[in-house]
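Notebook open. I want to look up the nonpolar core and the charged pairs.

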Amino acid sequence: MAERSWSFSKAFRNIFSGPELITDETWDDLETALITADFGPDVTDSILDALRADVERHRVTEVAEMRRMLRDAIEERLAAYDPTLRLSERPAVILVVGVNGVGKTTTIGKFAKYLTAFDKRVLVGAADTFRAAAVEQLATWADRAGVDIVKPQQAGQDPASVAFQTVQRAIDADYEIAIIDTAGRLQTKGGLMDELGKVRRVIEKQAPVSEVLLVLDATTGQNGLAQAEAFIQHAGVTGLVLTKLDGSAKGGFVLSVQEKTGLPVKLIGQGEGIGDLTGFTPHVFAQQLIG
Ligand code: GDP
């Protein structure tokens with residue numbers, strides 16, 4: 001992952017560039033920084049409690065040492081979830097789900113490009129057939145990524161039939177990975193979950209679904225998670241993609257989202273460009289967060 005000075009590490013940097021010895025103020029500032037970074041109240045409390053206990057046990061007095069302990073503790077908690085993508089099936093079918101606007105289409109474009117860098121033959125399927133613009137937007141991204149696309153033959157075609165055709169073509173033409181876009185209209189939650197269920201059942205007649213990736217916008221933090229609850233409960237999600245971490249002051253969301261959902265973060269989006277998607281590495285992330 002490229003070295004970036006993300007805005008969410010600023011609050012921590014301020015603490016750690018202050019006085020060298022730990023004071024009550026250090027603890028107050030740390031609590032504020034954790035809350036500001038969107039770790040959420042529960043995770044913040046548990047991090048602080050564990051850190052306090054460690055600091056007392058080892059009689060730590062220096063802020064620099066406390067910082068190292070904090071970074072290690074966050075890395076250890078981040079690493080409790082396995083970020084490995086399951087891509088071994090052939091084709092590996094990946095469903096991408098999430099609420100409109102979170103960056104789903106952009107993520108699919110970036111992900112397709114990311115996979116081609118590993119010499120994978122990738123096909124994308126435009127099964128968000130409800131909005132014509134969504135299909136065109138995905139086609140533009142497929143073009144940018146240099147991968148093929150299966151589009152609906154007519155507007156409003158059944159999403160499950162587009163998904164079916166995508167997997168069929170992936171099998172027939174020996175693509176290694178099929179990434180399928182799905183609808184994200186929140187207004188019709190029940191209908192949407194039924195639709196996703198049907199898409200899945202139809203795909204599974206031909207091939208297992210390797211991953212169901214839920215895309216979340218990190219800038220909406222805890223609120224965005226509430227919106228995505230229905231997907232977590234009904235769509236068989238296997239992993240999370242967090243987008244917009246580039247402009248976000250909310251890097252702590254990565255940890256709280258894993259612990260709240262029990263799902264691993266598998267990819268992170270850090271910009272609008274085609275190269276701005278990476279795998280998730282707890283060590284690097286903890287380093288960037290805490291400095
Ligand atoms: P969809 O409705 O979920 O398919 O969302 P889109 O893919 O159309 O993205 C919505 C907006 O978010 C677009 O303006 C994207 O450029 C932007 N976006 C997506 N991912 C990222 C990211 O990682 N960082 C930033 N800064 N913007 C992003």
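My entries on the core and the salt bridges follow.

This is a predicted model: local features need pLDDT of at least 70, side-chain atom pairs count only at pLDDT 80 or more, and totals for chains, interfaces and linings use all residues. Residues are numbered from 1 along each chain as its sequence is written, and side-chain values use heavy atoms, with hydrogens and water left out.

**Core.** I looked up the largest nonpolar core and found 96 residues. The term covers buried Ala, Val, Leu, Ile, Met, Phe, Trp, Tyr and Cys residues joined through side-chain atoms within 4.5 Å. Buried means under 20% relative accessible area, exposed over 50%, partly exposed in between (1.4 Å probe, protein chains only). F231 is among the residues with the most contacts inside this core. Leaving out residues up to four places away in sequence, I list its contacts (heavy atoms within 4.5 Å), including V97, L192, L214 and V237.

**Salt bridges.** I counted 15, taking a side-chain nitrogen of Lys or Arg within 4 Å of a carboxyl oxygen of Asp or Glu.

R77 pairs with E259 at 2.7 Å, N to O. R77 sits in helix α4 and E259 in helix α10, 182 residues apart. Helices are DSSP runs (H or I, at least four residues), numbered from the N terminus. R77 is partly exposed at 24%, and E259 is partly exposed at 29%.

R90 bridges to D174, with the closest N and O atoms 3.2 Å apart. R90 is exposed at 52%; D174 is partly exposed at 41%.

K198 bridges to D158, closest N and O atoms 2.7 Å apart.

Note on methods
Helices (H or I, at least four residues) and strands (E, at least two) are DSSP runs, numbered from the N terminus.
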